Amino acid sequence: MSTITARKGFVQHTDVLHSTSSSTTNSIAASPEDTPRQSPSSTSLSSLASDNDLDLKTVNGKLLDTYGNEFHLPDFTIKQIRDAIPAHCFNRSGAKGLGYVARDLASLAATFYLFHTYVTPENVSSPPARAALWALYTFVQGLFGTGLWVLAHECGHQSFSPSKTLNDTVGWFCHSALLVPYFSWKISHGKHHKATGHLERDMVFVPKTRDQYASRVGHFAHELTELMEETPIVTAVTMIGQQLVGWPLYILANVTGHNYHERQSEGRGKGKKNGFGGGVNHFDPSSPLYEAKDSKLVVLSDLGLAITLAALFLIGSNFGWANLAVWYFVPYLWVNHWLVAITFLQHTDPTLPHYEPQSWNFARGAAATIDREFGFIGRQLLHGIIETHVLHHFVSTIPFYNADEATEAIKPIMGQHYRSHVEGGSIGFLKSMWNSARMCQWIEPCEGAEGEKKGVLFFRNRNGLGVPPQKLSPSAELQAAKSDS
């Protein structure tokens, strides 16, 4: 559990720590299975942030997250994580998975039947009351639709059942019905899991560097420390835009994904970049997100979308487009909202590091995630995708109904590197969206960091929250630009 308390411009973040055994040295060149463990730090995650008079000069060269907590590189291995999980947690049941799919489909159907039958002018004569009830319908259907999305997500990870055929069949049907290109998403999402936290390979919510953020707001990087804070209204408008169109922008133009497509192994990324018209999307078999062997699966994904769109066209033509908007498209926007919010908060938090290639390995990247709490909605309707995400990044084939037990098993191994924010439940989850939006504007190295620590970057902001960004001189910025070129 964690709590957040403001202190003289800093924010204290206190986590439950778990003891862990120690070993010796660490080597980033080693594989995740073989990387030895160092002795864990005896410094708690809140020790630095708790000092009201934190002097950054005294911690120069240390890694500090946005709250001012000292960060130590993870030193456990994937083998240690897997060995700690009880064997039965890996068991998958196709029958149980299909039962959950049937439950979610029945919930969607029953909700539609009840509202379509009883929320009518004959039964509810007041137009404002009917409008309010149908608005409630869109919200509830959005939750059930998100639950179905999560089950298709389980299929993509092969955690739905032991049968790949069943997994992909169910996943294709469920995701196609939600206008998600199942196989195309499955492939790119798998690459996200293989490179979580890697600034040049990760596929979702890759944060902006200081230079990228400065360019976006029309300034040089050294000027960011002199800018006024971003007004709350700008933050709110940005968040609303993200929640409304974040998912379509991702699948259509790879927004928030990495932009290093020139390095694609088959040469597919030459001349291609993120953005509309840049040739990077989830629908084109020649997109650099895929290899040649994936082409048929991308086309099959497109076929699923075409079938769904054709069905929606027939419904709209026969029953009215306004009805279709209320029955399907507004709930669809709610589904998109929850997906973006969940993913954003899984990978954007003031405590989370991101890594340049020389400092990254799989275990470090998998640990750069955070569990949150969304109460009954999260655990029952959304199948625990919010509450057990850390475990999911280490072993994505464990089914969601075994994830709580597996999460408890890996906490002692992860020690202080297991992160969770459960304060406030569902309300705390929503508050975290605002907190992360205000505190996590760009990433940069910690002042004085050397060696592989230079490749560990943390969030900073211009809003006077948490550890202030480094003060750069124009000459130093120019010199860095010359060395990069």
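Is H417 buried or exposed? H417 counts as buried, because its relative accessibility is 7% and the cut-off for buried is under 20%. Before going further: this is a predicted model, and that applies to everything I describe today.

Let me stay with H417 for a moment. H417 sits in a loop, the one that runs between α13, residues 403-414, and β5, residues 420-421. Setting aside the neighbours within four places in sequence, the contacts of H417 are F71, H72, L73, P74, F76 and A367.

L345 belongs to α9, which covers residues 321-347. Its relative accessible area is 1%, so L345 is buried. What does L345 touch, leaving aside its neighbours within four places in sequence? The contacts are I370, R372, F429, S432, M433 and S436. Take M433 from that list: M433 and L345 are 88 residues apart in sequence, yet their C-alpha atoms are 6.7 Å apart in space.

Next, the helices, starting with α2. Helix α2 takes in residues 94-118. With 25 residues at 1.5 Å a residue, α2 should span 36 Å, and the distance between its end C-alpha atoms is 36 Å, so the two agree. Which residues of α2 are buried? They are G94, G97, V101, D104, S107, L108, T111 and F115. The cover over these buried residues includes α3, residues 127-156, and also α4.

Two packed helices are described by the angle between their axes and the distance between the axes. Helix α4 is residues 164-177, and its axis comes within 12 Å of the axis of α2, with a crossing angle of roughly 10°. The limit for roughly parallel is under 35 degrees, and α2 and α4 are therefore roughly parallel to each other. On the α2 side the residues that meet α4 are G94, L98 and V101, and on the α4 side they are L166, V170 and C174. By type, the residues of this contact divide into 5 nonpolar, 1 polar and no charged.

Helix α5 is next, at residues 182-194. How many of its 13 residues are buried? The count is 10, so α5 is largely enclosed by the rest of the structure. The buried ones are Y182, F183, S184, W185, K186, I187, S188, H189, H192 and H193. The length check also works for α5: its 13 residues at 1.5 Å a residue should span 18 Å, and its end C-alpha atoms are 18 Å apart, which agrees.

Now to the sheet. Three strands form an open sheet in the order β3-β7-β6, with antiparallel pairing. At the edges are β3, residues 354-355, and β6, residues 442-445, each of which pairs on one side only. Strands of a sheet pair through backbone hydrogen bonds, either parallel or antiparallel.

Strand β7 covers residues 456-460 and is joined to β3 by 2 bridges, the two strands running antiparallel. Which residue of β7 is the bridge partner of H354? It is L457. Y355, in turn, stands opposite V456 of β7. The pairing of β6 with β7 is also antiparallel, over 4 bridges. One of the residue pairs there joins W442 to R460 in β7. As for burial, 5 of the 5 residues of β7 are buried, so β7 is largely enclosed by the rest of the structure.

Q158 is not a glycine but has a positive phi of about 65°. The position of Q158 is the loop between α3 and α4. Is Q158 buried or exposed? Q158 counts as buried, because its relative accessibility is 16%.

T256 also has a positive phi, near 80°, and is likewise a residue other than glycine. T256 lies in the loop between α7, residues 232-253, and α8, residues 295-319. At 29% relative accessibility, T256 counts as partly exposed. That is where I will stop.

Terms used: Residues numbered from 1 in each chain as written. Predicted model: local features only at pLDDT ≥ 70, side-chain atom pairs only at ≥ 80, totals over all residues. Heavy atoms only, no water. Expected span 1.5 Å × (residues − 1). Buried < 20%, exposed > 50% of the residue type's maximum accessible area, 1.4 Å probe, protein only. Pairing = 2+ DSSP bridges. Contact = heavy atoms within 4.5 Å. Axes fitted to C-alpha atoms, helices over the stretch in contact; angles between N-to-C directions. Parallel < 35°, antiparallel > 145°, perpendicular 65-115°, else oblique. Nonpolar A, V, L, I, M, F, W, Y, C, P; charged D, E, K, R; others polar.
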